[in-house]
Amino acid sequence: TQVKKGFKFGPELLNSLAEETGSLSRSFGYSFGVFTAIKLKTFENSALLLRTELNFTRFQYYNPSSKRYGVDKNAEGWNGLDYALFDEKVWYNTIELCLLPEFQTQLNEDILLETFLGPSFGIGGKKYTVKQLDNNNFSTDPYDEFGGMGGFTFSPSLNLGFSIYYSFIVFNLEYRYTTFFVPSDKNDFN
């Protein structure tokens, strides 16, 4: 059994490359942190471990041409629609603690394989950028439900994946389902 320790960094590519951004510039979600493990049970060529991680993670999404209702129909420049159009970018910055039970097996002298499934818990904040696409005015702030330009978030996650270690290099492929407990158009991330 080898307890690996180290730093990790990874971009979130799938949604970041496929999402429509409207008039806003494209950026990527990412995660970086530190990890180690605690031995729980050792077998001849394998072991059960509790992987612990402390990560900073940025989740984000875009809402191009989002409709916001509540326009002032008496204002000069009103275009006759009950809504205004906005391009929106919302991101969550979280610090998270992961406690992931994992199974480790040694394939040969240099290669370790680990599989894991478990929870993580994050706290952080939410921010957003908006760009109005028309000239409609509002009688109230259409982003009141977002809690201002920020807001405290709590985000539990379920993590599933595997890691392959070759000497001091690690390749980690992970699926994560995360939900945020804060008012927003999108609270769940895969």
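The protein carries 17 positive and 22 negative side chains, and the centres of the two sets lie 5 Å apart; here Lys and Arg count as positive and Asp and Glu as negative, while His and the chain ends are not counted. Each charge is placed at NZ of Lys, CZ of Arg, CG of Asp or CD of Glu.

This is a predicted model, in which local features need pLDDT of at least 70 and side-chain atom pairs count only at pLDDT 80 or more, whereas totals for chains, interfaces and linings use all residues. Residues are numbered from 1 along each chain as its sequence is written, and side-chain values use heavy atoms, with hydrogens and water left out.

The protein contains one helix and eight strands, where helices (H or I, at least four residues) and strands (E, at least two) are DSSP runs numbered from the N terminus. The eight strands form an open sheet in the order 1-2-3-4-5-6-7-8, with antiparallel pairing, and two strands pair if DSSP finds at least two bridges between them. Strand 1 and strand 8 stand at the edges with a single partner strand each, so one side of each is left without a neighbour in the sheet.

| Edge strand | Residues |
|---|---|
| Strand 1 | 6-12 |
| Strand 8 | 188-189 |

Strand 2 (residues 29-42) runs antiparallel to strand 3 (residues 46-69), and 12 bridges join them; Thr36 has Thr52 in strand 3 as its bridge partner.

As for overall form, the C-alpha atoms fill a box of roughly 80 × 25 × 20 Å, taken along the principal axes.
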